[in-house]
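The following note sets out points for a colleague examining the fold. Please read the points alongside the sequence and the coordinates.

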Amino acid sequence: MLKITRAGNGEVVIKLSGRMDSENIGELETLVRKEADGRRIVLDLKDLTLVDQDAVSFLKRCEADDITLKNCPAYIREWIRRERKTRGRKK
């Protein structure tokens with residue numbers, strides 16, 4: 001289960017806790033779209049414990065859209081890095 005908490009003060013910080021999977025992506029995309037109104041968006045991943053492939057793809061897209069991934073666990077960072085490398089070779 002994913003818990004989403006939001007804080008804003010000039011920038012919007014969305015804290016994600018628990019497990020993130022394909023079921024959560026739509027809700028997060030909607031939230032990010034609503035909050036993007038010219039403000040910097042930060043996803044705090046400190047308490048994220050488990051992700052699936054869809055979640056990693058979403059997080060990779062977020063970074064490509066200039067959304068900051070704060071406190072990104074090493075295993076997620078490595079997975080994003082590998083996916084970028086793999087996707088780059090397929091082109």
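1. Helices α1 and α2 pack with their axes 8 Å apart, at an angle of about 25°. Axes here are lines fitted to C-alpha atoms, for helices over the stretch in contact, and angles run from 0 to 180 degrees between N-to-C directions. α1 is therefore roughly parallel to α2, a term for angles under 35 degrees. In the contact (heavy atoms within 4.5 Å), Ser22, Ile25, Leu28 and Glu29 of α1 meet Asp54, Ala55, Phe58 and Arg61 of α2.

2. The model is predicted: local features need pLDDT of at least 70 and side-chain atom pairs count only at pLDDT 80 or more, while totals for chains, interfaces and linings use all residues. Residues are numbered from 1 along each chain as its sequence is written, and side-chain values use heavy atoms, with hydrogens and water left out. Helices (H or I, at least four residues) and strands (E, at least two) are DSSP runs, numbered from the N terminus.

3. An open sheet is formed by four strands in the order β1-β2-β3-β4, with mixed pairing; two strands pair if DSSP finds at least two bridges between them. β1 (2-9) and β4 (68-70) each have a single partner strand and stand at the edges, so one side of each lacks a neighbour in the sheet. From one strand to the next, the twist averages 25°.

4. The pairing of β1 with β2 is antiparallel and extends over eight bridges. Within it, Leu2 has Gly18 in β2 as its bridge partner. α1 packs on the sheet, where it touches β1, β2 and β3, and its direction makes about 175° with that of β2. α2 also packs on the sheet, touching β2, β3 and β4, with its direction at about 160° to that of β3.

5. Which residues touch the most other members of the largest nonpolar core? They are Met20, Leu43 and Leu59, in a core of 24 residues. Such a core is a set of buried Ala, Val, Leu, Ile, Met, Phe, Trp, Tyr and Cys residues joined through side-chain atoms within 4.5 Å. Two or more residues come from each of β2 (11-20), α1, β3 (40-51), α2 (53-64) and α3 (74-90). Beyond four places in sequence, the contacts of Met20 include Leu2, Ile25, Leu28 and Phe58.

6. Asn24 lies in helix α1 (residues 22-35). A polar atom of the Asn24 side chain lies 2.8 Å from the backbone nitrogen of Asp21. Leaving aside neighbours within four places in sequence, Asn24 is in contact with Leu2 and Arg19.

Definitions and conventions:
A polar contact is a pair of N or O atoms within 3.5 Å; within protein, one must be able to donate a hydrogen and the other to accept it, and residues adjacent in sequence count only if both atoms are side-chain atoms. Buried means under 20% relative accessible area, exposed over 50%, partly exposed in between (1.4 Å probe, protein chains only). Angles under 35 degrees count as roughly parallel, over 145 as roughly antiparallel, 65 to 115 as roughly perpendicular and the rest as oblique.
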